[in-house]
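Here is my note on the model, point by point. Please read it with the structure open.

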Amino acid sequence: MVYDKQIIQILHSVGEQGIGIRKLAKHVYNLNCTLFAQPDFQQVYAYVCRFLQKHSKSKGSPIARTGRRGYYRLNTRTAAARQLLAELGTEQKEPAEPAKEDKPQTDLSLNLFDF
């Protein structure tokens with residue numbers, strides 16, 4: 001789902017100190033709010049909780065708990081986390097388009113004052 005990638009990106013951006021579940025859920029909620037559609041915050045919060053619990057069960061999991069209760073971070077020591085970071089890195093870096101040459105364009109507008 002879309003939330004998975006957003007959760008990983010947010011965890012990657014906060015670094016080693018980690019982020020609280022509620023704050024993470026608010027970030028994900030704000031990323032998905034639009035003018036015409038707003039997800040239910042309680043559903044987003046429940047999804048974030050399930051995702052974090054599912055992906056932080058073992059020591060080899062890509063997400064790890066920090067010393068504080070309810071705070072999570074990306075576990076960069078595991079191969080799974082490095083793979084996720086590599087996938088995010090390839091998605092974020094897009095090849096830059098070559099600069100287009102500015103050719104002088106001729107003025108094709110009509111002059112109102114010529115008779």
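**Notes on the predicted model**

1. Glu16 is found in the loop between helix 1 and strand 1 (19–20). Helices (H or I, at least four residues) and strands (E, at least two) are DSSP runs, numbered from the N terminus. Glu16 counts as partly exposed because its relative accessibility is 46%. The cut-offs are under 20% relative accessible area for buried, over 50% for exposed, and in between for partly exposed (1.4 Å probe, protein chains only).

2. This is a predicted model, in which local features need pLDDT of at least 70, side-chain atom pairs count only at pLDDT 80 or more, and totals for chains, interfaces and linings use all residues. Residues are numbered from 1 along each chain as its sequence is written, and side-chain values use heavy atoms, with hydrogens and water left out.

3. What does Glu16 touch, leaving aside its neighbours within four places in sequence? Its contacts are Thr66, Arg73, Leu74 and Thr76. Contact means heavy atoms within 4.5 Å. Glu16 and Asn75 are 59 residues apart in sequence, yet their C-alpha atoms are 8.4 Å apart in space.

4. Ser61 lies in the loop between helix 3 and strand 2 (63–65). Ser61 counts as buried, because its relative accessibility is 7%.

5. Now the overall layout. The protein has four helices and three strands. Along the sequence they follow the pattern α-β-α-α-β-β-α. Of the 115 residues in the protein, 32% are buried. Among contacts with a separation of 6 or more, 46% come from residues 24 or more positions apart. The accessible surface is about 9200 Å², and 53% of that belongs to carbon and sulfur atoms. The area comes from the Shrake-Rupley method with a 1.4 Å probe; for residues, only the protein chains shown count as cover.

6. Look next at helix 2 (residues 21–32) and helix 3 (residues 41–54). They pack at an angle of about 120°, with their axes 9 Å apart. That makes helix 2 oblique to helix 3. Axes are lines fitted to C-alpha atoms, for helices over the stretch in contact, and angles run from 0 to 180 degrees between N-to-C directions. Angles under 35 degrees count as roughly parallel, over 145 as roughly antiparallel, 65 to 115 as roughly perpendicular and the rest as oblique.

7. Which residues make the contact of helix 2 with helix 3? Helix 2 supplies Ile21, Arg22, Leu24, Ala25, Lys26, Val28 and Tyr29, and helix 3 supplies Phe41, Val44, Tyr45, Val48, Cys49 and Leu52. By class, eleven are nonpolar, none polar and two charged. Ala, Val, Leu, Ile, Met, Phe, Trp, Tyr, Cys and Pro count as nonpolar, Asp, Glu, Lys and Arg as charged, and the others, Gly among them, as polar.

8. Lys26 of helix 2 is partly exposed, with a relative accessible area of 45%.

9. Tyr3, Asp4, Ile7, Ile8 and Leu11 of helix 1 meet Val44, Tyr47, Val48, Phe51 and Leu52 of helix 3. This contact has nine nonpolar, no polar and one charged residues.
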